[in-house]
Amino acid sequence: MFFHIVMERNMQLHPRHFGRNLRENIVSKLMKDVEGTCSGRHGFVVAITGIENIGKGLIRDGTGFVTFPVKYQCVVFRPFKGEILEAVVTMVNKMGFFAEAGPVQIFVSNHLIPDDMEFQSGDMPNYTTSDGSVKIQKDSEVRLKIIGTRVDATEIFCIGTIKDDFLGVINDPATA
Amino acid sequence: MGSTEEPDGSTSQVSVTEVLEEESTKQNTCTHPGSFGDMCIICGQRLEQESGVTFGYIHKGLRLNNDEIVRLRSKDMKNLLRHKKLHLVLDLDHTLLNSTQLVHMTPEEEYLKSQTDSLQDVSNGSLFMLENMHMMTKLRPFVRTFLKEASEMYEMHIYTMGDRAYALAMANILDPKREYFGERVISRDDGTQKHQKGLDVVLGQESAVLILDDTENAWTKHKENLILMERYHFFRSSCHQFGFNCKSLSELKSDESETEGALATVLKVLKQIHNNFFDNTSDNLMGRDVRQVLKTLRQEILKDCKIVFSRVFPTKFQAENHQLWKMAEQLGATCSTELDPSVTHVVATDAGTEKSRWAAKEKKFLVHPRWIEATNYLWQKLPEENFSVSVVKNQ
């Protein structure tokens, strides 16, 4: 799920950046440092939407670097256990399938795929119902439920299921 | 008319509690068959690294428990047999191709740099320059036909001692459409033991896997699954690495024969093994073992031969343990240390030894040890005349 939150960060700036463009430099460094990173608490920082406040800079003893406390607004993405998400399938194999929802990598094990779907190997491995009406293959869009999440510095891993009601393929790429 | 109160409210309350309890018992009774990002793939619980094997080459973060691996292998076996396929694990270096670092190329090999094939459309090329890895690679003749035909009988895997980047680059050249190997590209980063290859990271039943590799020592635990390949030395650096101080194929502007080279030969063997495995007998298919089929086929090659070795092994060496003795026995020959009328071949490097002279007198075959090695590589009993032995000059 996406959230729009306020976060705070201490930005350290080298004196070469001081001058007329100080604020711009702070903001661009902030964007470079923070956008695209993950934290366990907030999730994946998608984009910075605005700067709320830049505090007074504090010169660090002995180095000449200056630390500015910056309060900024940003959009973050964080999946939660129990959440329903839509994702795109990236890989299908006999163990289940892998899907992506933005920066989030989700694995749905074959234990959590409905029993009436069988794995078919071949050029385009897929899971198909016995009557062939529903097929999950690479690039299919699926609705799944998150069973567990784990966040590390750059990626978010999730375990998902499609065994519940209303979960499964949303869009069949073959007919799209 | 009495009103029947439908106890909806209380029923749903009960069912909610039931669902919650079910969730926690699910976690407690979960067998944790595997993990993704350290979370159980069924219940999502955070798991410590327990028993099992990491399958990073399939997807980063994937790990499977031993029981689950057994279950998957058994399921895979049923699927394979239904499609009449077996597993084939292929080594890269010296088996399917030969690579060299650019700095190791000799002046006589410089001409190759202007003859490389395009990396944009690899399907017809055989010589490639990989700038970012500072190397060149040459595919073995016949490799594309080999892969195409083998893929109809075998599900194929790449297993190399190179690192992952190298493995993926080579897989891309050999299989640009990802139709042969899929995600089954195993590198040394995926192995569980240093300097050893193992079938523990291959999701196939050991009784249904064949291995093609030029290095026997990499597969000490799975020698019965191995078909040893003759090494492909195209570049000078490769010859040099194995101690051959001769001009390489690249320097001689020559190459291995396409139709009679090692890959063509081994393809025939693979077809034969596949045939023998799936032939229609009343046997239960699930009980068959490809290692047995391989062994039986190999034992046909020298089956009527009785071999005695003369001064081939170091004096105090236990003859039966020597590699050549074992190789001859695997090929179906009977080996002996004593001469008798039933002996058919004497193997020696010097025609002047006592046993060699006995062979000449009794009109038995006198062959160089290379006859056994060549027979092993080419899967057929080669003409003994091509391996005759001359008298070693006295010093």
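This tour moves through a predicted model, with stops in chain A and then in chain B.

Begin by selecting residues 79-156 of chain A, the stretch that the UniProt record, an unreviewed entry, annotates as "domain: S1 motif". The span is 56% strand and 0% helix, and the C-alpha atoms at its two ends lie 9 Å apart.

Next, select β9, β10 and β11 of chain A, which form an open antiparallel sheet in the order β9-β10-β11. Because β9 (117-120) and β11 (135-136) of chain A each have a single partner strand, they stand at the edges, and one side of each is left without a neighbour in the sheet. Between β9(A) and β10(A), the latter spanning residues 126-129, the antiparallel pairing runs over four bridges; to look at one position, show Met117(A), which stands opposite Thr129(A) in β10(A).

Now turn to chain B and select Val53(B), which is found in strand β3 (residues 53-54) of chain B. Val53(B) counts as buried because its relative accessibility is 8%, where the cut-off for buried is under 20%. Beyond its neighbours within four places in sequence, Val53(B) is in contact with Arg63(B), Leu64(B), Asn66(B), Ile69(B), Thr192(B), Asp200(B) and Val201(B). Of these, Asn66(B) is 13 residues away along the chain, with 7.2 Å between its C-alpha atom and that of Val53(B).

Finally, select helix α10 (residues 370-378) of chain B, in which Trp371(B), Ile372(B), Ala374(B), Thr375(B) and Asn376(B) are buried. The elements covering these buried residues include β12 (226-228), α7 (290-299), β13 (306-310), α8 (323-330), β15 (345-348) and β16 (365-367) of chain B. After α10(B) comes Trp379(B), with a positive phi near 55 degrees.

How values were computed. Residues are numbered from 1 along each chain as its sequence is written. Chains are lettered from A and ligands numbered from 1 in the order in which they are written. This is a predicted model: local features need pLDDT of at least 70, side-chain atom pairs count only at pLDDT 80 or more; totals for chains, interfaces and linings use all residues. Side-chain values use heavy atoms; hydrogens and water are left out. Two strands pair if DSSP finds at least two bridges between them. Buried means under 20% relative accessible area, exposed over 50%, partly exposed in between (1.4 Å probe, protein chains only). Contact means heavy atoms within 4.5 Å. UniProt positions are given in the numbering used here, feature names are shortened, and annotations may be inferred rather than shown by experiment.
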